[in-house]
Each structure stands twice: as C-alpha cells, then as structure tokens.
Amino acid sequence: MKVREGPWRITFDTNPDTCNLRCIMCEEHSIYCEHKHEKRIMDPDLVGRVITSASRYGLKEIIPSTMGEPLLYPHFDKLLEAVKQLELKINITTNGTFPKLGAHKWGERLLPLVSDMKISINGASKTTNEYIMRGIAQERLLNNIQTILDIRDQIRRDGKQSPHVTFQVTYMKSNLAELEDLLRMAIRMDVDRFKGHHLWMTWPELKDESLTIKKADRTSWNRVAGRLQKIAERTMRPSQQKIRLDNVYTINEDDSTAILPLSWTCPFLGKEAWIAWDGRFNVCCAPDALRRKFGNLGNVRETDLMVLWNSPGYKRAVRSWKTRNVCQKCNMRKPQNDQRRS
C-alpha cells in the first residue's frame, strides 16, 4: 500500500468523557442529558501509538478532547510527554476552570507546547454565561483568562514561541445580544482570536436557541455577524494587532436552504482525523449520531491509523461528502478563499 500524506491534526474525541460543568449545548454533559454511560477514558498507550504512526506523515498537532474538560484526563502527563518527544503542538479547548492545578500552573505547563488555547466563554455578562455554562463562575473565569494571557505575553517577550489564545463561542439566541460586547471584551483583553460556531441541535430542549432554523433568526444573526466583522476590522487590541475572527459568516436567510453556500468546502475531510475514546476512526466534529452515517471506517485498536486513512472507505467519504445531507447542512464549512487552520 502506498501511503499518502496523513492528517495534519488529530482530535482524540471525548477523551476524557469527564467534565466539571454542564453547559446546556454539550452533547454529553448538558443539563438535558439524563442517560448514564460507562466512563469512557482512552488508553494513553493507544494515543501514543496513533500519533507516533501519523507523525511520520505530516502530523503537526493534536486536540486532546472535544467533549468534557481535557485537563481532567487522568493520563494527561503521559500525553504531554508523547507530544514533547514527537515535537508536536497541542491545540486545546478548555472550559476555563483549570481544574486540579489552577490557571497559573496549567498555563506554565501548557503554553510552551500550545499552538492555540481555546477558552470557552458564551456570554459577556455573568447572567448569560452562567446560564449557558452551568457551573461556571464568571469572575473567576475572567481572572483565569487574564492569568493565561499574562503567561502568553511573557513567553512572547522571551522569544520562545507565540501561543495563541482564543475565545471559543457557541452562537445561540441566549447570547446573540451579547456577542458584540463579548468581542469587545476579547479585544480589550488582547485575546488573539474570536472563534465560534452555530449550535448543533443535540437536545430537543435547545430548539428555540437555534439561530439557523427560522428565517427571522437567520436575519438577526446576519445583522450581528456584520457588526462583529466591523468591530474586528476597526478596533485594535492593546498590542496594536487586529483580532482574528473565525467562523463569523453571514448565512443564507431563506429557511428552506442550507445555511452556507453549497460551494463552500469542508475543512476536515482528507485533512484532519478524529479518534473516539474506543479507537473508532471518525470523519469530523459533527455530533456522533450524524457522523456515524458515513459508516464504519475502522478502529485504530485493530488497524494502524495510516492504513485507515488510505482505505477505500475513507477515500470514498472524502470524495462524496458534498452529496451527503449532513455535510450540506453543516455549519462548519468554509469559503474557498478562507482555508486558514482553526
């Protein structure tokens, strides 16, 4: 088998499937989630085998989790050691609580190895953010973010590297009116990037939170998106840099059509890989029930990742994604002229 270039990034999905918050939109830990399942923790040796295999074929960085708080992974030290040995970067999304060690100690350990630290925040006000991110304390979160930014600045002054810090947001009706203030807060704090995505409909209770189902809500989003773009363009950070906006696009207003133009492209297939806690090879970050529609593409417990990456089944998925309903409705596609890594 001729092995082509591999994924530039691998996400170890739901690793760990553990969290200290219950954000309303979370696929696994929402206040609306009533089911209980086994504790799903990935074998750290499996992580090591996967990234060692892919590192020979262009792997640049890993994401330790998309569901749950990655800093609660009991084998995080082992993961960090593997990343150091292979000279990879970590792209991490955290809820900003920095459990166990606190923001300062985690910042000192992580930021020298990080390409981007995405910190979830979903409201400029205490009321809104604490409603969405159940269990968060807004004042403590903002203090933690400032601590991380101070460590980032020291690393940059030392000339070692330039880790980025990002505000990670889920767009929904509950926070739509605060997104402009949240962006201004990010700029004022000298955050590098403001990134978000529209709500995935993971729970029926969230139906009225969506900004993409009804025409009137799409129109409301477009007004805000336009203002966000103007704020980012016209307002300088304290460092005299402009903040980078990601996934802040106006969408189709007709509620009978896909929210994004069908000519826009998938930033994931053929470029990034997702590995579930049990080793299942996945195609993207869509909710699990949706991406399973691509079929069974194999398991890295049984087959080397690069074999799966070059398999006929995965190649078909890469070729055929535009014909799939889940992809046509996806809110993560990007314009052809905006293929920046996120």
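This is a short tour of a predicted model, from the whole chain down to single residues.

**Whole chain**

Start with everything shown. The protein chain holds 12 helices and nine strands. Its C-alpha trace spans about 50 × 50 × 40 Å along the principal axes.

Colour by burial next. Of the 342 residues, 56% count as buried. The accessible area comes to about 15400 Å², and carbon and sulfur atoms supply 49% of it. Then select the charged side chains. There are 56 positive and 41 negative ones, and the centres of the two sets lie 4 Å apart.

Contacts are worth a look too. Take those in the protein chain with a separation of 6 or more: residues 24 or more positions apart account for 74% of them.

**The sheet**

Nine strands form an open sheet with mixed pairing, in the order β7-β6-β5-β4-β3-β2-β1-β8-β9. Which strands stand at the edges? They are β7 (244-246) and β9 (281-282); each has a single partner strand, so one side of each is left without a neighbour in the sheet. Strands of a sheet pair through backbone hydrogen bonds, either parallel or antiparallel.

**Strand β5 and its neighbours**

Select residues 164-171. This is β5, and seven of its eight residues are buried. On one side, select 114-120, which is β4; β4 and β5 pair in the parallel sense over five bridges. On the other, select 193-198, which is β6; six bridges join β6 to β5, and the two run parallel.

Now show F167 in β5. Which residues does F167 line up with? F167 is the bridge partner of I119. F167 also stands opposite F194 in β6.

**Strands β1 and β8**

Move along the sheet order to β1 and β8. Select 9-12 for β1 and 272-275 for β8; four bridges join the two strands, which run parallel. Show F12, which stands opposite I275 in β8.

Stay in β8 and pick A273. Is A273 buried or exposed? A273 counts as buried, because its relative accessibility is 0%, and the cut-off for buried is under 20%. Show what A273 touches beyond four places in sequence: P7, R9, I10, T11, F281, N282 and W309. Then draw a distance from A273 to L305. The two are 32 residues apart in sequence, and their C-alpha atoms are 9.1 Å apart.

**Helix α4**

Bring the helices back and select 126-132. This is α4, and Y131 is found in it. Y131 is partly exposed, with a relative accessible area of 34%. Leaving out residues up to four places away in sequence, Y131 touches I24, Y32, S174 and E209. Of these, take I24 for a distance. Y131 and I24 are 107 residues apart along the chain, and their C-alpha atoms are separated by 8.2 Å.

Last stop: T323. Where does T323 sit? T323 is in the loop between α11 (312-320) and α12 (325-328). T323 is exposed, because its relative accessible area is 62%, and exposed means over 50%. Finish with a distance to L262. T323 and L262 are 61 residues apart in sequence and 10.0 Å apart in space, C-alpha to C-alpha.

Technical notes. Residues numbered from 1 in each chain as written. Predicted model: local features only at pLDDT ≥ 70, side-chain atom pairs only at ≥ 80, totals over all residues. Heavy atoms only, no water. Buried < 20%, exposed > 50% of the residue type's maximum accessible area, 1.4 Å probe, protein only. Pairing = 2+ DSSP bridges. Contact = heavy atoms within 4.5 Å. Areas by Shrake-Rupley, 256 points an atom, 1.4 Å probe, with all protein chains shown as cover. Lys, Arg positive; Asp, Glu negative; His and termini not counted. Charge placed at Lys NZ, Arg CZ, Asp CG, Glu CD.
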